[in-house]
Amino acid sequence: MEQNKEKKNMRVIGITGGVGAGKSTVLDYLESRFHACVIQADQVGHQVMEPGAVCYAPVLALFGEQIIKCDKTIDRKRVSDVVFYQEEMLAKLNAIIHPAVKEAIRRRLEEERNDGRELVVVEAALLLEDHYEEICDEIWYIHTDTEIRIARLMESRGYTREKAEGIIRSQASEEFFRAHADYVIENNGDLEETWRQIEEGIRRNEIL
């Protein structure tokens, strides 16, 4: 009975936000300050495409042998180059990858619950679109002003302003994020203020 009680006490927070919002800043703080287990969908996506993993053969069948590198791993840059110009291929790729990633995260959550973990944070760019609210107790939206996001992308990734603006336009709107979030963190560069908001978000469920 005690073990079952521990399983129910694990809190799962979903973290989302647009590119350049500084989600990694929030994840790092949650991990260091609250010993959260951080699960990033992008990293899981890489794992499910490794040789022998569940998505390896389907992705190879979709794109062909030309995406295989000398070490037999999938050349993700080549895949990215293809889907950037072919929306139909992107849709087919997503249909392979996204369900596998979500299932892998479900299994990881169960493992963490069995281990008695108190806090797990799941980060995904398409957290809302892929309905991760099904496996998260609450959704946090990390908001950053557009101009700050553009500056961050230009500095950290070497993007032109046009490319940064284009990527931001292609993502969900601020209104969409806010409409589906349980909690919003404003992350415009004042780290002390960001930390304060994270602490406040954690206290909402009295996990401290």
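Visitor: How many residues does the largest nonpolar core have?
Guide: This is a predicted model, in which local features need pLDDT of at least 70, side-chain atom pairs count only at pLDDT 80 or more, and totals for chains, interfaces and linings use all residues. Residues are numbered from 1 along each chain as its sequence is written, and side-chain values use heavy atoms, leaving out hydrogens and water. A nonpolar core is a set of buried (under 20% relative accessible area, 1.4 Å probe, protein chains only) Ala, Val, Leu, Ile, Met, Phe, Trp, Tyr and Cys residues joined through side-chain atoms within 4.5 Å. Val 59 and Ile 105 are among the residues with the most contacts inside the largest core, whose size is 38 residues.

Visitor: Which element gives the most to this core?
Guide: Helices (H or I, at least four residues) and strands (E, at least two) are DSSP runs, numbered from the N terminus. Several of them each supply at least two residues, including helix H4 (56-63) and strand E3 (119-123). The most, eight residues, comes from H6.

Visitor: Are H4 and H6 roughly parallel or roughly antiparallel to each other?
Guide: Axes are lines fitted to C-alpha atoms, for helices over the stretch in contact (heavy atoms within 4.5 Å), and angles run from 0 to 180 degrees between N-to-C directions. The axes of H4 and H6 lie 10 Å apart, at an angle of about 170°. Angles over 145 degrees count as roughly antiparallel. The two helices, H4 and H6, are therefore roughly antiparallel.

Visitor: Which residues in H6 do Pro 58, Val 59, Leu 62 and Phe 63 meet?
Guide: These four residues belong to H4. Their partners in H6 are Met 89, Lys 92, Leu 93, Ile 96 and Ile 97.

Notes: Buried < 20%, exposed > 50% of the residue type's maximum accessible area, 1.4 Å probe, protein only. Parallel < 35°, antiparallel > 145°, perpendicular 65-115°, else oblique.
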